[in-house]
Amino acid sequence: MNRNFILAALLALTASCSQKENAPDYTKMSDEERLKAAIEIAQSTIMVDGHVDLPYRMKVGRFTLQREILDVSVRTPDGNFDYPRSKEGGLDAPFMSIYIPAGNQAIPGASKALADSLILMTERLASTFPDKFAMAYSPADIEANFAKGLISLPMGMENGAGIEDDLSNVEYFYKRGIRYITLTHGKDNLIGDASYDTTGTNGGLSEFGEKVVAEMNRVGIMVDLSHVSDNTFRDALAITKVPVIASHSSVRKFTPGFERNMSDELIQAMAKNGGVMMINFGGSFIDSAYAAGSAKVREHIVNWLAENNLSRSDSAAQAYIQEYSEKNNPFPTVQRVADHFDHVVNLVGIDYVGLGSDFDGVGDSLPTGLKDVSMFPNLIAELLKRGYSREDIEKICYKNVFRVWKAVEDYAASQK
Ligand SMILES: [Zn+2]
């Protein structure tokens, strides 16, 4: 054997040994060191969030005209998302929720029209600030944007009502850039039943809904099972040809009776399907104690307003409401959010969980330490503290959802 070869082999062996020895033990770090490590991981890893309600925040803020854009290229005093905070938190690809309230379902054409206008608004955001944001229609787009330091704006449509009663609209919205569709929102629709609705209109997925799922598979739109009833969930899983997502759902074990979150049975069924469940950070999704506690706070405020003859819009009342809410709301903690990740990991493994914050969509209910997109490293640090590896964090941040998305792309390509 050649002496140089032996030397090279020895060097390689030493390098691989020392690499393993150097793999940091995050559990033994001080909190300060661990947060630094979490920030470094957040900055160097692609981070996808399954659900951010910025388009609707812009709409509610009356930035409906395409000329007028809520300027999230700079720090905004309200809301949970903007460019500077996203950069701080290491968030690279927040799925923009093209959200259609169930109220629109009553008016034919209204859901599609709203979806079209919210898509235009999102595109307008990217074209107005091309040095900060870019549209993204695939994992490859997100990777390319990430390499350029741009924040990607992939789009998901929250409520399949947007396709109205016309199956051809599935392909129409694919062409408009929609890459997942949440089959329902708050109420049952033509596709299937919703978790917040007790009517049971279709008993699960409707016949039309079955065609919609098949068409989404065919064109390459991810099936999102957040917001659907348990029956719709099972029906959709039974017929989809590809893995699915839950773009913003948490673990029902921590919120007993809350069908909007996923039961252990559904988590296991989704893992079997190869899908990914993206954890929602909203207070009422994380801990049932929050819902009960915040109801008490609301009740106190209503009474206080009546006693003091004030309305919510009076400035004196607003100051009091803010202070009282901040002091008395039983906001969940980052630790409690990490409990949801632990539960899924213990039940089915690390490959089926991701981030689906619902930022800009859950009001003032967010956990302490996870109030906006700048604070993702706090969650990463907590997971590192619990023994998650860098590879685990990468799976949570993007690898799991990319696996699903690529499988959906591949299946659609095979149907052409
Ligand atoms: Zn939602």
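In the predicted model, M157 lies opposite I181 of strand β6. Together with helix α7 (residues 168–175), β5 and β6 form a β-α-β unit of right-handed sense. On β7, I181 has V223 as its bridge partner, and the parallel pairing of β6 with β7 comprises three bridges.

The zinc ion is coordinated by three protein donors, E158 (OE), H227 (NE2) and H248 (NE2), at 2.0 to 2.2 Å. Along the sequence, these donor residues follow the spacing E-x68-H-x20-H. The two histidines, 21 residues apart, link distant parts of the chain: H227 belongs to the loop between β7 (222–224) and α9 (230–239), whereas H248 belongs to the loop between β8 (245–246) and α10 (264–273). Both H227 and H248 are buried.

The largest nonpolar core contains 111 residues, of which L183, F341 and L379 touch the most other members. Helix α16 (residues 390–414) makes the greatest contribution to this core, supplying nine residues. Beyond its neighbours within four places in sequence, F341 contacts I279, V353, G354, L355, L379, L383, Y388 and I396. A second core, separate and made up of six residues, includes I301, W304, A317 and I321.

How values were computed:
Residues are numbered from 1 along each chain as its sequence is written. This is a predicted model: local features need pLDDT of at least 70, side-chain atom pairs count only at pLDDT 80 or more; totals for chains, interfaces and linings use all residues. Side-chain values use heavy atoms; hydrogens and water are left out. Donors are N, O and S atoms within 2.8 Å of the metal (3.2 Å for Na, K and Ca); water is not among the atoms, so sites may look incomplete. Helices (H or I, at least four residues) and strands (E, at least two) are DSSP runs, numbered from the N terminus. Buried means under 20% relative accessible area, exposed over 50%, partly exposed in between (1.4 Å probe, protein chains only). A nonpolar core is a set of buried Ala, Val, Leu, Ile, Met, Phe, Trp, Tyr and Cys residues joined through side-chain atoms within 4.5 Å. Contact means heavy atoms within 4.5 Å. Two strands pair if DSSP finds at least two bridges between them. A crossover is right-handed if, with the strands pointing away from the viewer, the path from the first strand over the helix to the second runs clockwise.
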